[in-house]
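I opened this model to see how its parts are held together. My entries follow in the order I looked things up.

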Amino acid sequence: HSKESSTLCARPPSSVAIAMPKSPAHPPLPLSELRTWIPSDKIYRWLEEGDKKAAAFQEELDDAGAGAISDLFAGGGDDEDSSDASTSSEADYEGLDGRVLVWNSAGAGGGEDGDGDGDDVDGKGEKYRGVQLQDDDVTEDGSGSDGSVRVVYVKSDSWEGYGEMLWASARHLANLFADPHKCRELLSPLWNHRQSSSSSSEGGSPHAQRQHPLSGLRVLELGAGCGVPSLVALKRGARVVCTDLDDANRIRSIAESMELNRREISTKGGEKRYPEFGRSRACPFRWGESSAAVAQALDPKGMEKFDVICAADCLFMTHLHYDILRGIDELLAQDGVAIIAFAIHEAYSKDEEVWPFVDKAKEKGFDVEVMEGVQLTPPTKGMEAKQGLIHKLRMTRS
């Protein structure tokens, strides 16, 4: 998806070319090492072409001495800067804010903002210090000893839209997915339907109750950006297809995030704990266009549907409401649940323009429940508090 208004947060003009550092602390993984996460040869070739174009563009910047442009924006110190004071002095500046970052869910007794102790809630995440092997004291539902989930995510170099930022609504969804009790409540229509349809099924067994509620489910994220909700779902045992607009670097970054998290769980017993991990995919999907590639990313025959579809901060583009709904309608299982989390970004669209999405969804045959909102810290220091006020819609088929 694409956030076009420059007033949403501080950023360089779109006409300015940003040069990347020659030796970042964590350079991009070779595309060949990401092949597992790419759903088709066609998409892989598209990513190869994207790598070639990016390399050619970087060479042009190097020849033009564009490093000074990067320096101009890398060290910003005004009020709009999104750097966290606790880490900015040590930051590995890869691009503008650090390319590879870490996010931790709130954990047992944690606050709504997430990132563990709540010190970092500005959309940046922590500095990535390399692979951290999964502790052995992980429970059956995938939790750490404190109930938290750690994910590594890669910020795209693409300036198309604002998907390189970790938005408050994405943090909120990720926290809900991480917490087994909150997640079960969030997805209660799905679980209630399946348990009532077959009381003797695995869904109602003691073993299933011990598992995380996302374990084994098919999860689709729309307009994922950094994809943190998808990555949490991955580490909670779901089979995930994480999508964003058809920008090669954006999809490549999602695939690299999946690979980095796979390396963190590849310890003794890791493959057994996460049997669906290797079946997840990163896939381009522009709303309003064919969803066939997304369906085939889940199932090569395109016959399966998703149990859960989620989207974070996608409703500000009011002209795409019907396109978003079309994708949900085509891809959601009959008993599935769609969770839409969003804030109002008044620089782009106001309440009276965003909330009609509910009526549009009902027109398409969905039941829509407006769930309780929650106030989080906005992604950057220059944003209004309203941009951290998260609303949620829970959609099921009528």
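**Entry 1. A charged pair.** I started with Asp41 and Arg35, whose side chains meet in a salt bridge, with 2.5 Å from N to O. This is a predicted model, and I read the distances with that in mind. Asp41 counts as partly exposed because its relative accessibility is 49%. Arg35 has a relative accessible area of 27%, so Arg35 is partly exposed too. As background, I noted that side chains of opposite charge can pair when their charged atoms come close.

**Entry 2. Counting such pairs.** How many salt bridges are there? I found a count of 20 salt bridges. I picked two further ones to look at.

**Entry 3. Arg194 and Asp307.** These two form a salt bridge, and their closest N and O atoms are 2.3 Å apart. The pair links distant parts of the chain, since Arg194 sits in helix 5 and Asp307 in strand 7, 113 residues apart. Is Asp307 buried or exposed? Its relative accessibility is 2%, and buried means under 20%, so Asp307 counts as buried. Arg194 is at 26%, so Arg194 counts as partly exposed.

**Entry 4. Lys386 and Asp351.** Here the closest N and O atoms of the salt bridge are 2.5 Å apart. This pair also links distant parts of the chain: Lys386 lies in the loop between strand 9 (366-375) and strand 10, Asp351 lies in helix 12, and 35 residues separate them. Lys386 counts as partly exposed because its relative accessibility is 28%. Asp351 has a relative accessible area of 22%, so Asp351 is partly exposed as well. I then checked for salt bridges that share partners, and found that they join Arg194, Arg218, Arg239, Glu304, Asp307 and Asp335 into one network.

Entry 5. I located Asp335 in strand 8. Its relative accessible area is 19%, which is under the 20% limit, so Asp335 is buried. Which residues does Asp335 touch, not counting those up to four places away in sequence? They are Leu190, His193 and Arg194. With His193 there is a polar contact from side chain to side chain, at 3.5 Å. I also looked up Trp191: Asp335 and Trp191 are 144 residues apart in sequence, and their C-alpha atoms are 9.1 Å apart in space.

**Entry 6. The nonpolar core.** In soluble globular proteins, nonpolar side chains tend to be buried together. I looked for this here, and the largest nonpolar core has 99 residues. Ile328 and Met395 have the most contacts inside this core. I followed Ile328 and, leaving out residues up to four places away in sequence, found that Ile328 touches Leu222, Ile309, Ala338, Ile340, Phe366, Met395 and Arg397.

**Entry 7. A buried serine.** I next looked up Ser349, which is in the loop between strand 8 (332-342) and helix 12 (351-354). Ser349 counts as buried because its relative accessibility is 1%. What does the side chain of Ser349 reach? It reaches the backbone oxygen of Phe316, at 2.9 Å. Leaving aside neighbours within four places in sequence, Ser349 is in contact with Phe316, Thr318, Ile344 and Val354.

**Entry 8. The chain as a whole.** I finished with the totals. The protein chain has 13 helices and 10 strands. Of its 398 residues, 56% count as buried. Among contacts between residues at least 6 apart in sequence, 78% join residues at least 24 apart. The chain exposes about 16,700 Å², and carbon and sulfur atoms supply 49% of that area.

Terms used:
Residues numbered from 1 in each chain as written. Predicted model: local features only at pLDDT ≥ 70, side-chain atom pairs only at ≥ 80, totals over all residues. Heavy atoms only, no water. Helix = DSSP H or I, 4+ residues; strand = E, 2+ residues; numbered from the N terminus. Buried < 20%, exposed > 50% of the residue type's maximum accessible area, 1.4 Å probe, protein only. Polar contact = N/O pair within 3.5 Å; in protein donor to acceptor, adjacent residues only side chain to side chain. Contact = heavy atoms within 4.5 Å. Core = buried A, V, L, I, M, F, W, Y, C linked by side-chain atoms within 4.5 Å. Salt bridge = Lys/Arg side-chain N within 4 Å of Asp/Glu carboxyl O. Areas by Shrake-Rupley, 256 points an atom, 1.4 Å probe, with all protein chains shown as cover.
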